[in-house]
Amino acid sequence: MELSCSSDYLADAKVIKFSFLTMVQLNIVALVEISHLFLQGMRQRKSGSIINVASLAAFQPMPYLSMYAATKAFVLSFSEALWAENKDLGIGVLCVCPGPTKSDFAAVAEFPKDLASSSGQKLVPAAEVVRDALKALDKNESNFVTGGIANQIVANMPRLMPRELLVKSVGKLFRAKEE
């Protein structure tokens with residue numbers, strides 16, 4: 001069984017047991033363990049950097065991608081807290097929040113094929129995401145949203161819209177099309 005972000009997880013107990021618990025283990029448990037493991041030495045040396053990767057999905061609830069978005073929201077919150085706890089110790093912590101990136105992720109996650117283009121977002125090359133993330137780390141930023149103004153709007157929309165309207169709007173983008 002493949003790890004899919006868009007399964008109707010209430011309908012299949014096997015999906016919950018495998019895909020979603022695996023997603024939590026990877027996106028949350030492993031990230032916390034690795035961060036704390038390396039952070040110990042960085043604190044002793046009073047130098048070092050951690051870059052965690054969340055997603056544009058971290059900024060809002062996402063029907064039909066609820067587990068994925070929730071785990072990425074954890075990554076963002078956790079990373080920003082680590083940034084605040086360690087910035088005065090000479091340790092950089094950055095959470096990169098990429099929007100649509102040129103990769104196989106959208107196909108593996110079973111996102112709608114035209115999602116990026118229909119939402120006005122461009123696919124950013126992975127090398128550009130890395131380059132821009134390293135610049136943000138050098139500036140000691142706590143988080144960085146890739147992909148330009150369209151992604152900045154998506155990341156900040158939850159601050160401006162009523163929550164229910166936001167969730168309904170996002171849900172329409174990710175609801176499976178009737179065949």
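Q: Which residues does UniProt list for "transmembrane region"?
A: Residues 20–39, from an unreviewed entry. UniProt positions are in the numbering used here, feature names are shortened, and annotations may be inferred rather than shown by experiment.

Q: What should I know about the model itself?
A: This is a predicted model, with residues numbered from 1 along each chain as its sequence is written. Local features need pLDDT of at least 70, side-chain atom pairs count only at pLDDT 80 or more, totals for chains, interfaces and linings use all residues, and side-chain values use heavy atoms, with hydrogens and water left out.

Q: Back to 20–39. Helix or strand there?
A: The chain is 100% helix and 0% strand over those residues. The end C-alpha atoms are 27 Å apart. Helices (H or I, at least four residues) and strands (E, at least two) are DSSP runs, numbered from the N terminus.

Q: Now the sheet. What's the strand order?
A: β1-β2-β3, an open sheet of three strands with parallel pairing. Two strands pair if DSSP finds at least two bridges between them.

Q: Which strands stand at the edges?
A: β1 (48–53) and β3 (143–145). Each has a single partner strand, so one side of each is left without a neighbour in the sheet. Neighbouring strands are turned by 20° against each other on average, direction ignored.

Q: How many bridges between β2 and β3?
A: Three, in the parallel sense; β2 covers residues 91–97. Cys97 stands opposite Val145 in β3.

Q: Which strands does α5 lie across?
A: Helix α5 (residues 126–138) lies across β1, β2 and β3. It runs at about 145° to β2. Axes are lines fitted to C-alpha atoms, for helices over the stretch in contact (heavy atoms within 4.5 Å). Angles run from 0 to 180 degrees between N-to-C directions.

Q: On to α6. Which residues are buried?
A: Asn151, Ala155 and Pro158. Buried means under 20% relative accessible area, exposed over 50%, partly exposed in between (1.4 Å probe, protein chains only). Those buried residues fall within an arc of 50° seen down the axis, so they line one face of α6. The arc is that of the directions from the helix axis to the C-beta atoms.

Q: What covers them?
A: The cover includes β3 and α7. On the other side of α6, Ile149, Arg159 and Leu160 are exposed.

Q: And α7, which residues are buried there?
A: Leu166, Val170, Gly171 and Phe174. Their arc is 130°, so they line one face of α7. Glu164, Lys168 and Lys172 are exposed on the other side.
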